[in-house]
Amino acid sequence: MRCTFKHILSFIILISIFSSCSRKKDKFLNRNWHSLNTKYNVLYNGNLALEAGLKEIEESYKDNYWKILPVERLSISDEFSTEREKQNPNFDRAEEKAVKAVQTHGMNIKGKEKNPQIDEAYILLGQTRYFSGRFIPALEAFNYILFKYPASDNVNLAKIWRAKTNLRLQNEAIAIENLKDIIEKNNLSKNDQAEAQATLAQAYINTD
């Protein structure tokens, strides 16, 4: 009986703590609770869904040896779509998680975002839209990071994915200019450097 009472009391205390974690209060507990919940719950599940969707795309891809093989071996429609019709269920789930992270755990206080995971949510949102062939909404997500979070650690990644999206929208000149600027600054991580160089190669392939 005592054990049951303790469990109930602990549950009540946890509920009280969580309910007190307002997104409008810039306090240590609030920031950390929303940040951890975003990273290890919402975005974790969203990224798993994105990976599952990517696996399906990769497994369905077939090389066309009558053409120059693309750098990115993915079967994505190049139609300028903004709709979510016939979207892979995994991408649906990933996008829902990204939106949930922003709406439920965003802490925009006095014009500044206090949850450091929200830019990660926009990266996930943009990538999900990209791989589902909705390039204009994807571009909006990446541009939002650059506009709203200029000090984010994901700025270079957002710029690279913006360039990848511009390639899909046949804006090769813009993509090449932006990628050369990013590469010349020489402040990319190894992974970002590889992604940027690969995207630049694809841009040159596209323009013969």
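Buried means under 20% relative accessible area, exposed over 50% and partly exposed in between (1.4 Å probe, protein chains only).

## Basis

This is a predicted model, in which local features need pLDDT of at least 70, side-chain atom pairs count only at pLDDT 80 or more, and totals for chains, interfaces and linings use all residues. Residues are numbered from 1 along each chain as its sequence is written, and side-chain values use heavy atoms, with hydrogens and water left out.

## Salt bridges

A salt bridge puts a side-chain nitrogen of Lys or Arg within 4 Å of a carboxyl oxygen of Asp or Glu. The count comes to six. E72 pairs with R168, the closest N and O atoms being 2.9 Å apart. E72 lies in the loop between α2 (28-60) and α3 (89-105) and R168 in helix α6, so the pair ties together parts 96 residues apart in sequence. Helices (H or I, at least four residues) are DSSP runs, numbered from the N terminus. Both E72 and R168 are buried.

E195 forms a salt bridge with K164 at 3.2 Å between the closest N and O atoms. K164 is buried, with a relative accessible area of 6%; E195 is partly exposed at 27%. E72, K164, R168 and E195 are linked in a network of salt bridges.

## Positive phi

Most residues other than glycine have a negative phi. Q170 has a positive phi of about 65° although it is not a glycine. Q170 sits in the loop between α6 and α7 (172-184) and is exposed, at 55% relative accessible area.

D208 also is not a glycine, yet its phi is positive, about 60°. D208 is found in the segment after α8 (190-206). Its relative accessibility is 86%, so D208 counts as exposed.

How values were computed:
Helix = DSSP H or I, 4+ residues; strand = E, 2+ residues; numbered from the N terminus.
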